[in-house]
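The sequence and structure are shown first.

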Amino acid sequence: MKKYIHIGYPKNFSTSLQRDYFSKHPEIFHLGIGINNNLGYRDSIIEKAFEVYLKTCKSFKYKEVEEDLVEYFSKVFNTVEEKYKVVGVSSEHISFAFTHDGLSSEEKAKRLKVIFGPDTKIIMIVRNQFELIKSLYRECVRVGFSGDFSKFIKLIYKYQDRNFIYDFRYDFVYELYTNLFGKENVKVLFFEDYKKEKNEMKQGDVNVQLFEDLNDFLELSNAPMELKHYNEAIPANKVLIKAKLNEQKQHDIGNHLLESAEKHRIKKYLEDDLGFFEEERKVYSDVLVKRELIERAFIDEKELELKYEADTLFIEELKEFYEKGNKRLENYLEQKLPKSYKSLIF
């Protein structure tokens, strides 16, 4: 049975592909995410693997469960029905560390190779880094960040030793995965090649080019499918209102150092592996606060202009850093990258 791992990146059709491609293609046995809902997995063991053991779990703790995980996934791979041609997973958290407690990309990749094997197909969907950072800023505000874009850039530049800045050096990530899984097994696709004029793929399209390219790489048949839009972003004129509200009520990435963002995603791990149970209102407290503040931001009649401005020093350093990597990636792939990768601007 052939295997695949879609490693992301975030804000690159990930949720839409999880819900409408990987979990719905008749020849794919999808393990998660995207089964029935945005965070759905095939079962609780697979959920714990990708929400804890392949995401944040330090080595000593991970070693306690590695053998069991390898055995369990092997059993899953070997019992998939013959009607399916491929089996695998999709998680943008594999490609980057959303929070400072996330594992390095290298450690995640090494663990995936042990669990899935070196013959696994790897799918990378990348995006102009500056556009991705802008989109990620809006997402961070949605889940608790309380600053403007200038503060966001300053902080990710200042703490680049522990955040996602290096995860967006696609040349480094490509090197990592080709060394572990082989060049023939790593496919890089560009968000810009599939993006429609109105920021997303047109609903109702069947056999859109992205589907066809994924089917070609995974050696699957083309099937009639629609790519819908999930996880609606906060409108630009409401982002700064939500950021101000985040100062009043901390949640998710606004939590203190010893807390965790998106605590509801590790519910199964806490209950099954640690025997730690909490009331539902406690588990989903951050979700409730997030929803409340988003509603308040929409009700607020002010329309603040979101400007993607930051200290020139930080922008120029990031620009040089990423453009250098994009040039190396172009050489690796032996193909031209979309124009926006060569002269990054916010």
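## Strand pairing

Four of the five residues of strand β5 (residues 186–190) are buried, which leaves the strand mostly covered; buried denotes under 20% relative accessible area, exposed over 50% and partly exposed in between, with a 1.4 Å probe and protein chains only. Strands (E, at least two residues) and helices (H or I, at least four) are DSSP runs numbered from the N terminus.

Strand β4 (residues 121–126) runs parallel to β5 and is joined to it by five bridges; pairing requires at least two DSSP bridges between two strands. Isoleucine 125 has leucine 189 in β5 as its bridge partner.

## Basis of the model

The model is predicted: local features need pLDDT of at least 70, side-chain atom pairs count only at pLDDT 80 or more, and totals for chains, interfaces and linings use all residues. Residues are numbered from 1 along each chain as its sequence is written, and side-chain values use heavy atoms, without hydrogens and water.

## Aromatic pairs

The whole structure contains 34 aromatic pairs, defined by Phe, Tyr or Trp (six-membered ring) centres within 6.5 Å, with planes under 30 degrees apart stacked, over 60 edge-to-face and the rest tilted. Phenylalanine 149 and tyrosine 308 are edge-to-face, because their ring centres are 5.0 Å apart and their planes lie at 90 degrees. Phenylalanine 149 is buried, at 1% relative accessibility.

Tyrosine 177 and phenylalanine 181 form a stacked pair, with 5.8 Å between centres and 15 degrees between planes. Both residues lie in helix α7 (residues 170–181), four residues apart, and both are buried.
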